[in-house]
Each structure stands twice: as structure tokens, then as C-alpha cells.
Amino acid sequence: MVSPSITHKADRRKGGTPPDPVSVRRAVIRYGPARWVALTALIVVLVGAAVALLDAFNSERRMREQIFRTNEVMFVLNEVVRSVLDAESGRRGYLLTGDESYLVPFETNRTRMPLLLDRLAAAMASAEQMERQHRLAVLHEKKLAALEKAVALAKASRAEEARESFDTDETKRYFDALRAVIDDLRHEEASALRARAAHAAAIERRTIYILAVLGLIGLALVLAVMSLAWRAAHLEAEAADMEALREARARSDLLAKELNHRVKNLFSVILSIISMSARHETDVRNLTRKIRDRVHALASAHAVSQGQADRSLVSLADLIEATLAPYAREGPYLQVSGPDVNLQVAAITPLGLILHELATNAAKYGAWSREHGVVELAWHVHRASIGGLTDEEETVDIVWKERGGPPVSEPSDMGFGTRMVKNAIGQLKGQTIMKWAESGLSVSIRIPLPKWKIQ
Amino acid sequence: MLLNTHDPSHRRVPPQSDIAQWPYAKLEGARILVVEDEAMLVLEIESALEDAGAEVVGPCMNLRQALQEVQDREIDAAILDVNLHGEDVFPVAERLFTRGIPFLFHTAHGERMELRARFENAPVCRKPILVEDLLTELAGIVP
């Protein structure tokens, strides 16, 4: 239930300048470039990490391949050397002893060499290396041919010639050339492996750096996101505070409006009291006293809710005590009894005026006009089901009963007091029964209680 | 007080010679609906209207009663309190407006703009107002 003026103010705050600082700062967080920068950075970090790792794996794989190839080349070359040496020493043995079993390694070499040369060719990495492999094959062929020549001479029992042919520089020259080619290949392979290892190490170092940098960026991102989240939470809390402040202001605005309304209404009532009091009074003293007493009763009744302007309920006992205080004499002249009952603030004016009229009437014409007259004021709460099972209406029944006064009788015409009481009961949405008995006036008032209660 | 009788001799009757200047002349015999939930104000307005020779319809202290009176009774003009214990009087105003019956608002809710927006021809008397001024405003709208 927001009053129009508050809505109006709120609209003005939202629509005009300066704009609401909270919503502006929220907008910065929501739509600022920071999130795009963060998102781009995150993508760069992820892609960078993937590329660096892929590069490192690739380099490792290539080094592994190089190691296998180098191993293969080294192994094959060793086998070649061994095979050639075996063939040569076999041939020497044959030449020295004539035992044909020495020729077995020689034959082995003849069958094995093409296989070794094929394996070597498969492991060659460049045209230059293929050239070397080819030279190796040619030199081996020539060497083998020379050895075969010597063996053939030996077989033809031309031992001297055979030894001579063996001792010529030719076979030694071929063998040296063969070794030279093999050494070249070995060096090449070794340096290729070293180069590959160095490259892999470099890549590895680079990868470590890249991952370290990316890790730092990731950490920065996490921190940035955390700080954003913290700021968002902070602003959220700030907004909640402002909302609470706004609500408090709206409440106090509403309260001020309500008070303003109440004051205006009270002034209206006071004007009416003055007009109505003046209607049947010609004596200025009497008139002044009547007005003063009525306004005072009104003020006393309203004092019950004073200091708690936002209170919407007042205690019936408090209201009675405040209004009837001027008439409370020592002794049993006023007997008040009843349970704790709360009434709406709107009941203060009519009930206060009713009680005042009843009291002044009692003092002038009723029980309190005699020395031992007593007024009993008692109330109790009455519950009645209205319609449905859950719909229960609570009313309070207030009984004003005078005794010990002069006999009273119903007036022939409604005076101010009677009309006022009837109207005030109407204002309270209540009902009333007035009895003018020999023993004194009795007034029963039934008024509905507010549906909601206060603890 | 309760036993006091209402004395009709207090009615303010205009001097016969000066009838044209009597400000409430138009209220003589007019049927005025009074919707007001403050008992003291009801008394004062009722008495003042009776003094001016008008016939009071009501007085109504709640919305239901007021709607009933608008439906059942012949009315020449109306005094409407805006807030009847939390209920707005506007349904009554709507029906009067539809029937072409003039009315004025008598309210302590001075700043309520919707009073004028919807019923721009209805005067707004702000509480607290002297009852004579209220009746002068009323006389101004009585046909």
C-alpha cells in the first residue's frame, strides 16, 4: 500500500537526473569490457597451453624417432664392420691353414651384407647419407671381390700368389675407405641426435616458460573473477542497504502522512466540538468549560497512542483510564473491570467522546450527582461465528451501569449527547442499547475488534 | 446532556427582507447526501444543514450504507468524505457522476491528485474547514 506521493517521488528518482548510483554501477559490472577481456584472455590461455604442449610432445616424438634411427644406423654399421672383419679374419685363417671351415664367416658375410645394406638404406635420412650408403656398398663389393680373388688363388693352390694379393695395399685401402665412410655416418648420426636432443631440450624449456606464464595469467583471471564476485556481492549488499533505507523512508513518509491526516481530522473534530457546544449554551463560562472539558477529554484519549505514532492499536483499559481520569475519585465510585483488549487507533476519538459524554452526564444528572453513586464499567470479549467455519468475529461488549443516582427516564427528544453517542457508535460500526431505569442509566455498547491482533 | 432536548428555535432563519443575500438559499428543501465517518463532524454538518433548511440523506458512515442511499433515495447534491475507515468513497462518486448529481469532496487527504483527475468539476474542501464555508461551497453546486 504505497501512497501516490511516494510512488511519485520514487519515479522521479528513477527517471530524472542524477541517476540512481547503484543501478549505474551495476550496469558497469554487467556490460563493461572487463568480462570480454577476461573471456579473451581465458581463450588465449587455453589455446596457448594446447599449442605449447602439442609442440613439446611433437619435439619429444621426433627426438624419440631420431634415437631409434641412430641406434639402427649404429647397430647396422657395427654389424657391417664386424661382418667384414669376420670375413677377413676367416680368409686369413683359410690361407694359413687351408681349413675350409674358416670360410664360413666369409660366406655369411656374402649373404648377410645385402640385408644390412638394405636396413641401412631404410634408416638413411638424407640424399647425402644415401650417397654414403651407396659408396659403402660399392667399397664392400670391391673389398669382397679382392678377398674372393685371394680365396680363389688359394683354392688353386697358388698360396704364394694368394698371400701376395692379400698383402697388397688394395684390400687395406678398401677397408680404410670403408671405415672412413662408416665413421662419417657415425659422426653424422651422433651429431643429428645431439642436435635433436638440444632442440627438444630447448622446446621443453620454452614449454615450461609458456606454461608458467599461462599459469600466472590463469591465476590472475581467477583472482580477477573472485574480485569481481566480491565487488558484485558488496554492491549487492550496498543496494540492499539502500533498499532498506528507501523502505524506511517510505515508511516514515507514510507515517508523516498518516499523522498529518490525523491532525487535520482532529482539528475538524475540535471545530465541530466548538460549534456543537455553542448551540445550546448562552453562558460564556459554561460554554468555555464544556469546550475545554471536551477538548481535554479528546486530548487525554489521544495521549494513549502518543509517542508511538506508528501504533495501530490501543489498549481499551488505557483509553478508559486516560479519558475518565478527571472523574476518578477516591473510593468505589468508578469500578472498572475487563480483560486486555486492543482497539484500532480510529476508535480513540469516538470512544473517548462517548466516555466523556457519559461521565459528564453522570456527574450532572446521574449516579455521580449523588454522594454515593457508583458507575460500573465492565467489558468482555465476545466471539461469534459469522457464516463460514473459519470466519469468526470478535466483539467487545462494554457495559456502563450507573447505580445510586436519582431515577432517570428516557428523554422525549434526542439531545446533543444522545445523538453524539449514537453517531460515535455508528463510527465504531457498533451497536448500542440505552436503558433509563429507576436505578440509573445503563448503556451497552458492542463494537467489533480488529481481525488482526498484536502480540 | 443526554437528557437535553433539541431546541428548534436555534435554527438560523434568514430575515425575510434579505432573502436574496442569504447564502444558503439554494439549500432550502434540497436533499443532501452526507457521507462522513467522523461522528462529531456528522453531527455538526447535519445540524448545519438542518439549520439551512436542507433535508439530510443519511448520514452514511460507511461505503455500503452510502451506496444503498444513492440507489434508494432522491438526492440533489452530496458531501463526500474520501476515506471511510480505509475504504475509498469513489464508487459512490462514480454513481453520483453517472446520475448527474453534483457533489463535493470533504477530505483531509489534500494532495490526492486523483480527486481532480477523475472528477474535475467536484470542489475539494480540505479538512479542517469551517462548516459555513463547506455549506457555501455546497450551495454553489446545488442545481
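# Structural report on chains A and B

Buried residues account for 24% of the 455 residues in chain A. The model is predicted. Chain A contains 11 helices and seven strands. Of the contacts in chain A between residues at least 6 apart in sequence, 71% join residues at least 24 apart.

## The sheet of chain B

Strand β1 (residues 31–35) of chain B pairs with β2(B) in the parallel sense over four bridges. Four bridges also join β1(B) to β3(B), and these two strands run parallel. B:L33 stands opposite B:V57 in β2(B) and opposite B:A78 in β3(B). Four of the five residues of β1(B) are buried, so this strand is largely enclosed by the rest of the structure. The chain passes from β1(B) through α1(B) to β2(B), a β-α-β crossover that is right-handed. B:R31 stands opposite B:E55 in β2(B).

## Helix α1 of chain B

Helix α1 (residues 39–51) of chain B has 13 residues, which at 1.5 Å a residue should span 18 Å; the C-alpha atoms at its ends are 18 Å apart, so the two values agree. The helix is mostly covered, with 10 of its 13 residues buried. Among these buried residues are B:M40, B:L41, B:V42, B:L43, B:I45 and B:L49, and B:E44 and B:S47 are buried as well. After α1(B) comes B:G53, whose phi is positive, near 90°.

In soluble globular proteins, nonpolar side chains tend to be buried together. The largest nonpolar core here has 83 residues, and those with the most contacts inside it are A:L319, B:I32, B:V35, B:A78, B:I79 and B:L80. Apart from this core lies another, of 25 residues, including A:V73, A:A87, A:Y94 and A:F106. Leaving aside residues up to four places away in sequence, B:V35 touches B:G58, B:C60, B:A66, B:A78, B:I79, B:L80, B:D81, B:V89 and B:V92.

## Backbone geometry

Most residues other than glycine have a negative phi, and most peptide bonds are trans.

| Cis peptide bond | Omega |
|---|---|
| B:G58 to B:P59 | near -5° |
| B:K127 to B:P128 | about -5° |

B:P59 is placed in strand β2 of chain B, whereas B:P128 lies in the loop between β7 and α5 (131–141) of chain B.

In chain A, A:K429 is a residue other than glycine with a positive phi, near 55°. A:K429 is located in the loop between α11 (416–427) and β6 (431–436) of chain A. Because A:K429 has 15 C-beta neighbours inside 10 Å, A:K429 counts as partly exposed.

Terms used
Residues are numbered from 1 along each chain as its sequence is written. Chains are lettered from A and ligands numbered from 1 in the order in which they are written. This is a predicted model: local features need pLDDT of at least 70, side-chain atom pairs count only at pLDDT 80 or more; totals for chains, interfaces and linings use all residues. The expected span of a helix is 1.5 Å times one less than its number of residues. A residue is buried if 20 or more other C-beta atoms lie within 10 Å of its own, exposed if 12 or fewer, and partly exposed in between; C-beta atoms are placed from the backbone. Two strands pair if DSSP finds at least two bridges between them. A nonpolar core is a set of buried Ala, Val, Leu, Ile, Met, Phe, Trp, Tyr and Cys residues joined through C-beta atoms within 7 Å. Two residues are in contact if their C-beta atoms, placed from the backbone, lie within 7 Å. A crossover is right-handed if, with the strands pointing away from the viewer, the path from the first strand over the helix to the second runs clockwise.
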